Amino acid sequence: MPEMHSWVEVNQKALINNYEYFCQKLGPEKTTPVLKSNAYGHGIEEVYQILSQATHPPKRIAINYLSEGLKLRKKGFQGTLLVVGPILTEELSEAYKIKAEITVGCPDLLKHWLLSEEKPTIHIKIDTGMGRQGFTQEEALTFIPKLQPW
């Protein structure tokens, strides 16, 4: 008797077709496949290899963890990595070294980034009302002047 009663089959041709559809609509420079959390359980390295065969291989990939970025760099991805998940303060240097852009949504990480010698590119996460992640609008207004040099 099988242990699992469900599975996922990824059609490589369909995946490439869907990706290329968005490339046509948005342009390959703006199209950013989201491969976070191990490509939603489908295997980040496997999905990346499939997308690499597209007419316009990805120039940007969104990931959840810095460790996923390291895997993609080892597979040869040289484009922009955007880490949309949490980053620990001790990972700032590694993010800088592998040229990963990160999202910052808490005061502690922003403070460490401001003090860091090696500053990866950041995207500020603003809480738009769900109350889960990001700075409130009021918080953002207090630190935006500190970011002017960058």
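This report walks through a predicted model of one protein, from its overall layout down to single residues.

## Overall layout

The protein has seven helices and four strands. Starting at the N terminus, the order of elements is α-α-α-β-α-β-α-β-α-β-α. Along the principal axes, the C-alpha atoms fill a box of roughly 55 × 40 × 30 Å.

Of the 150 residues in the protein, 33% are buried. Among contacts with a separation of 6 or more, 43% join residues 24 or more positions apart.

Helix α1 covers residues 12-26. Its length can be checked.

Which residues of α1 are buried? They are I16, Y19 and C23. These residues cover an arc of only 70° around the axis, so they sit on the same side of α1. The spacing fits a general rule. An α-helix has 3.6 residues a turn, so residues three or four places apart point the same way. The buried residues of α1 pack against α3. The face turned away from them carries the exposed residues K13, Q24 and K25.

Both ends of α1 have something to look at. N11 caps the N-terminal end, with a side-chain oxygen 3.0 Å from the backbone nitrogen of K13. Just after the helix comes G27, with a positive phi of about 95°.

Helix α3 spans residues 44-51. Its buried residues are I44, V47, Y48, I50 and L51. Seen down the axis, they fall within an arc of 160°, so they line one face of α3. That buried set packs against α1, α2, β1 and α4.

Helix α4 runs over residues 66-74. Here L66, E68, G69 and L72 are buried. Their arc is only 150° around the axis, which puts them on the same side of α4. What do the buried residues of α4 pack against? The partners are α2, α3, β1, β2, α5 and β3. After α4 comes G76, with a positive phi near 105°.

Most residues other than glycine have a negative phi. Two residues here go the other way. A39 is not a glycine, yet its phi is positive, about 55°. A39 belongs to helix α2, residues 36-40. With a relative accessibility of 3%, A39 counts as buried, because buried means under 20%.

K99 is also a residue other than glycine with a positive phi, near 60°. K99 lies in the loop between α5 (92-97) and β3 (100-104). Is K99 buried or exposed? K99 is exposed, with a relative accessible area of 66%.

## Buried charge: E101

E101 is found in strand β3. The residue is buried but has no salt bridge. The nearest side chain of opposite charge is R60, 4.3 Å away.

The side chain of E101 does make a polar contact. Its partner is the side chain of H123, at 2.7 Å. Leaving aside neighbours within four places in sequence, E101 touches R60, T80, L81, L82, V83, T121 and H123.

## Buried charge: K119

K119 lies in the loop between α6 (107-115) and β4 (122-124). K119 is buried and also lacks a salt bridge. For K119, the nearest side chain of opposite charge is E117, 7.2 Å away.

Which backbone oxygens does the side chain of K119 reach? One is the backbone oxygen of W113, at 3.4 Å. Another is the backbone oxygen of S116, which lies 2.4 Å from a polar atom of the K119 side chain. Not counting residues up to four places away in sequence, K119 touches Y96, W113, L114 and W150.

Terms used:
Residues are numbered from 1 along each chain as its sequence is written. This is a predicted model: local features need pLDDT of at least 70, side-chain atom pairs count only at pLDDT 80 or more; totals for chains, interfaces and linings use all residues. Side-chain values use heavy atoms; hydrogens and water are left out. Helices (H or I, at least four residues) and strands (E, at least two) are DSSP runs, numbered from the N terminus. Buried means under 20% relative accessible area, exposed over 50%, partly exposed in between (1.4 Å probe, protein chains only). Lys and Arg count as positive and Asp and Glu as negative; His and the chain ends are not counted. A salt bridge is a side-chain nitrogen of Lys or Arg within 4 Å of a carboxyl oxygen of Asp or Glu. A polar contact is a pair of N or O atoms within 3.5 Å; within protein, one must be able to donate a hydrogen and the other to accept it, and residues adjacent in sequence count only if both atoms are side-chain atoms. Contact means heavy atoms within 4.5 Å. The expected span of a helix is 1.5 Å times one less than its number of residues. The arc is that of the directions from the helix axis to the C-beta atoms.
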